[in-house]
Amino acid sequence: MLSPILQTKIESQISNNKIMLYIKGTAQQPQCGFSAAVVQVFNTLGQPYETENILEDGELRQGLKEFSSWPTFPQVYIDGEFVGGCDIVMELNNRGELATIVQEAISK
Ligand SMILES: N[C@@H](CCC(=O)N[C@@H](CS)C(=O)NCC(=O)O)C(=O)O
């Protein structure tokens, strides 16, 4: 079960960062192709984002799956809301919708 401490940590990260990416590895050195693809997309959007390497925190890795009810990584949160993983982000980006979602979040 998701501990209150972990829940508070996740809620704090996703509310303090307009774009929060939970990935495998770092933005500079992603450790998985799906995480690398998401980082690349957000780099092209040119807005600041924060990442957390879930490979370094097993509790967070498990806790996020419960928090979002999503079993894999990357996990992308924009404006405190879970958006999806790699496939969803790619689709939103291909449709030109990701930039709009990000712009709306940043300008709030
Ligand atoms: N189709 C997924 C691909 C991501 C994926 O399959 N991730 C796997 C392998 S990197 C994962 O996170 N598995 C659970 C885990 O490692 O804890 C997406 O759209 O994000």
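Tutor: Start with the shell around the ligand. By class, this shell has six nonpolar, two polar and four charged residues. Keep in mind that the model is predicted.

Student: How far is a backbone N or O atom of F73 from an oxygen atom of the ligand?

Tutor: A polar contact needs a pair of N or O atoms within 3.5 Å. C86 has a backbone N or O atom 2.8 Å from a ligand oxygen. D87 has a polar backbone atom 2.8 Å from an oxygen of the ligand. For F73, the distance from a backbone N or O atom to a ligand oxygen is 2.8 Å.

Student: What share of the ligand's exposed area does the protein bury?

Tutor: Take the ligand alone first. It then exposes 500 Å². Of that area, the protein buries 75%.

Student: F73 is in the shell. What is omega for the peptide bond from F73 to P74?

Tutor: P74 belongs to the shell too. P74 sits in the loop between α3 and β3. The bond from F73 to P74 is cis, with omega near 10 degrees.

Student: S69 is in the loop between α3 and β3. Is S69 buried or exposed?

Tutor: First, its backbone. S69 is not a glycine, yet it has a positive phi of about 55 degrees. Now its surface: exposed means over 50% relative accessible area. S69 has 63%, so it is exposed.

Student: What is the phi of D79 in the turn?

Tutor: β3 and β4 form a hairpin with two residues between them. D79 lies in the loop between these strands. D79 is a residue other than glycine, and its phi is positive, near 55 degrees.

Student: Why is D79 called partly exposed?

Tutor: Buried means under 20% and exposed over 50%, with partly exposed in between. D79 falls in that middle class because its relative accessible area is 29%.

Student: Is T51 buried or exposed?

Tutor: T51 lies in strand β2, residues 50-53. Leaving out residues up to four places away in sequence, T51 touches M20, L21, I23 and A27. The limit for buried is under 20% relative accessible area. T51 has 18%, so it counts as buried.

Student: Where is E56, and how far is its C-alpha atom from that of V102?

Tutor: E56 lies in the loop between β2 and α3. With a relative accessible area of 70%, E56 is exposed. Along the chain, E56 and V102 are 46 residues apart. Their C-alpha atoms are separated by 27 Å.

Definitions and conventions:
Residues numbered from 1 in each chain as written. Predicted model: local features only at pLDDT ≥ 70, side-chain atom pairs only at ≥ 80, totals over all residues. Heavy atoms only, no water. Near = heavy atom within 4 Å. Polar contact = N/O pair within 3.5 Å; in protein donor to acceptor, adjacent residues only side chain to side chain. Areas by Shrake-Rupley, 256 points an atom, 1.4 Å probe, with all protein chains shown as cover. Nonpolar A, V, L, I, M, F, W, Y, C, P; charged D, E, K, R; others polar. Helix = DSSP H or I, 4+ residues; strand = E, 2+ residues; numbered from the N terminus. Buried < 20%, exposed > 50% of the residue type's maximum accessible area, 1.4 Å probe, protein only. Contact = heavy atoms within 4.5 Å. Pairing = 2+ DSSP bridges.
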